[in-house]
Every structure is written in structure tokens, then in C-alpha cells.
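Open the model in your viewer and keep the selection tool at hand. This tour tells you what to select next and what is there.

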Amino acid sequence: MLKLDVARTGLVFGLLIGGLHAMWAGLVAAGWGQPLLDFVFRLHFIDPPYQVGPFNAGTAVLLVGLTFTLGGLSAMAFALVWNSLARRKA
């Protein structure tokens with residue numbers, strides 16, 4: 001079974017999750033957050049119950065930083081468990 005590099009796995013997933021949230025922050029800053037959110041809810045046959053607030057750069061930085069950190073730490077924990085369960089070659 002393939003062993004994962006713990007730090008690299010954490011970095012990749014941190015960048016992925018943080019990057020997705022950075023894109024969301026960019027959509028909110030561009031004024032496209034509410035139309036996109038409404039569209040996604042309507043695709044699921046749900047009347048949109050939420051309203052996107054105004055863009056705030058400090059909140060965006062916190063969002064991206066926190067999701068990068070939590071995504072990375074979660075992936076590192078996953079890699080550690082994965083590696084501990086990996087069969088060792090004889």
C-alpha cells in the first residue's frame with residue numbers, strides 16, 4: 001500500500017480547501033456570491049434562506065487562513081492514520 005508524505009498531503013489539501021474558500025471570497029467581493037448561492041439552492045429545490053453579507057477583507061483573510069489550517073491538519077491526521085495502517089513490505 002502506498003505511504004503518504006504527511007507534510008505534502010497536508011499542504012496539498014490545505015491549499016485545495018483554502019483555495020476554494022479564497023474563490024468564494026473573491027465571488028463575494030465581485031458581487032457574485034448571492035446570485036451563485038441562490039442558484040445552488042434552487043438547483044436543490046430549496047428557496048434560498050440565506051443572504052450573503054458585505055465583503056470584508058479581514059473576514060476573508062480569516063476564512064482562508066482558518067480553512068487552510070484546518071484542511072491541512074485534517075489531511076495530515078489522515079495521512080498519519082493511513083500510513084499506520086499501510087502494510088509493510090516483507
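Select Phe-45. Phe-45 is exposed, with a relative accessible area of 80% (exposed means over 50% relative accessible area, buried under 20%, partly exposed in between, with a 1.4 Å probe and protein chains only). Phe-45 sits in the loop between α2 and α3. Its phi is positive, about 60°, although Phe-45 is not a glycine. Most residues other than glycine have a negative phi.

A word on the model before you go on. This is a predicted model, where local features need pLDDT of at least 70, side-chain atom pairs count only at pLDDT 80 or more, and totals for chains, interfaces and linings use all residues. Residues are numbered from 1 along each chain as its sequence is written, and side-chain values use heavy atoms, with hydrogens and water left out.

Next, select helix α3, residues 57–85. Helices are DSSP runs of H or I with at least four residues, strands are runs of E with at least two, and both are numbered from the N terminus. Helix α3 has 29 residues and reaches 42 Å from its first C-alpha to its last. That is close to the 42 Å expected at 1.5 Å a residue (the expected span is 1.5 Å times one less than the number of residues).

Go to the start of α3. A side-chain oxygen of Asn-56 reaches to within 2.9 Å of the backbone nitrogen of Gly-58. A polar contact is a pair of N or O atoms within 3.5 Å; within protein, one must be able to donate a hydrogen and the other to accept it, and residues adjacent in sequence count only if both atoms are side-chain atoms.

Which residues of α3 are buried? They are Ala-60, Thr-67, Gly-71, Gly-72, Ala-75, Ala-79 and Asn-83. Their cover includes α1 (6–30).

Pick Thr-67 from that list. Thr-67 counts as buried at 14% relative accessibility. A polar atom of its side chain lies 2.8 Å from the backbone oxygen of Leu-63. Leaving aside neighbours within four places in sequence, Thr-67 is in contact (heavy atoms within 4.5 Å) with Ile-17, Gly-18 and His-21.

Move to Asn-83, also found in helix α3. Asn-83 counts as buried at 12% relative accessibility. Neighbours within four places aside, Asn-83 is in contact with Lys-3, Leu-4 and Val-6.

Show α1 with helix α2, residues 33–43. They pack at an angle of about 115°, with their axes 7 Å apart. Axes are lines fitted to C-alpha atoms, for helices over the stretch in contact, and angles run from 0 to 180 degrees between N-to-C directions. Trp-24, Leu-27 and Val-28 of α1 meet Gly-33, Leu-36 and Leu-37 of α2.

Last stop: aromatic rings. How many aromatic pairs does the structure hold? Two. Rings of Phe, Tyr and Trp (its six-membered ring) pair if their centres lie within 6.5 Å; planes under 30 degrees apart count as stacked, over 60 as edge-to-face and the rest as tilted. Phe-41 and Tyr-50 have ring centres 5.8 Å apart and planes at 40°, so the pair is tilted. Phe-41 is buried at 17%, whereas Tyr-50 is exposed at 54%. The rings of Phe-78 and Trp-82 have centres 5.8 Å apart and planes at 35°, so this pair is tilted. Both residues lie in helix α3, four residues apart, about one turn of the helix.
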